[in-house]
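I want to talk through some helix packing and then a pocket.

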Amino acid sequence: MQTNIDHRSGGRQALSLAFLAAVIEGFDLQAAGVAVPKLAPAFGLTPQQIGFFFSAATFGLIFGALAGGRIADGWGRRTGLVLSLVTFGIFSVATAFVSSFEQLVVMRFLTGVGLGGALPNLVNIAAESTDPARRGRAVAIMYAGVPLGGAVASGVAMLGLHGDDWHSIFVVGGVMPSFSRRSSIPCCRRCGC
């Protein structure tokens, strides 16, 4: 597989941006977990409803991963990644403004769709950003961003969630993907983006 990425500079840039996107994804994955202690009393959620709320994003991840791979194959990895980031950004922010349990579950499912669509694209971009001998390391570095993002979400929650405020974690998680730019991640010739 040939790429037009200079593995010395462009490859590092692509890997850095993929890592940053993985941090953002990890933040959004953990957002529900850190918000639920404030969110559950606000909606009067039962333990079963809390479980349904958490599983909604997981189901969304499944559909998003399938769709994200198809979009990347058809339109390119950058396009697939940008669409995924925009999707989970919009629906993460929308989660902060829901008024019912049903809306909460739908927004979390749609956030999961965006999160699931991002991961296959991030793996491919990380793998293609370096020479073949270092691909495993590049993917591992990118994937390390996911738990780091979760830790950042926990830190933001400790600093920023006061009183009954559960909204801010979803707003922060939704705004972060907007800092991504379509043209900022170099891509390979094979995908045509």
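So, H2 and H3 cross in a right-handed way. This is a predicted model, by the way, so keep that in mind throughout. Helix H2 covers residues 47–75, and the angle between H2 and H3 is about 140°, with the axes 7 Å apart. Angles over 145 degrees would count as roughly antiparallel, so H2 and H3 end up as oblique to each other. Who touches whom here? On the H2 side we have Ile71, Ala72 and Trp75, and they meet Arg77, Thr79, Gly80 and Leu83 in H3. Sort that contact by class and you get four nonpolar, two polar and one charged residues.

Okay, stay on H3 and look at its next partner. H3 is residues 77–95, H4 is residues 101–128, and this pair packs at about 155°, again with 7 Å between the axes. That angle makes H3 roughly antiparallel to H4. And which hand is the crossing of H3 and H4? Left-handed. In the contact of H3 with H4, the residues split into eleven nonpolar, ten polar and three charged.

H3 has another neighbour for us, helix H6, which is residues 167–175. The axes of H3 and H6 come within 7 Å and cross at roughly 165°. So H3 is roughly antiparallel to H6 as well, and H3 passes H6 with a left-handed crossing. From H3, the contact uses Gly89, Ser92, Val93 and Thr95; from H6, it's Phe170, Val171, Gly173, Gly174 and Val175. How many charged residues are in the contact of H3 with H6? None: the residues there are four nonpolar and five polar.

The largest pocket has a volume of about 170 Å³. Eleven residues line the largest pocket, and the ones nearest its centre are Arg12, Leu15, Thr130, Arg134 and Ala138. Which elements give two or more residues to that lining? Helix H1, 10–43, and helix H5, 135–160. By class, the lining of the largest pocket comes out as three nonpolar, four polar and four charged.

Methods. Residues numbered from 1 in each chain as written. Predicted model: local features only at pLDDT ≥ 70, side-chain atom pairs only at ≥ 80, totals over all residues. Heavy atoms only, no water. Axes fitted to C-alpha atoms, helices over the stretch in contact; angles between N-to-C directions. Helix = DSSP H or I, 4+ residues; strand = E, 2+ residues; numbered from the N terminus. Parallel < 35°, antiparallel > 145°, perpendicular 65-115°, else oblique. Left-handed = near helix turned anticlockwise from the far one by under 90°. Nonpolar A, V, L, I, M, F, W, Y, C, P; charged D, E, K, R; others polar. 1 Å grid on protein atoms, 1.4 Å probe; cavity = no way out; pocket = protein on both sides within 12 Å on 5 of 7 lines; lining within 4 Å. Points joined across faces, edges and corners; volume = space filled by probe spheres on them. Contact = heavy atoms within 4.5 Å.
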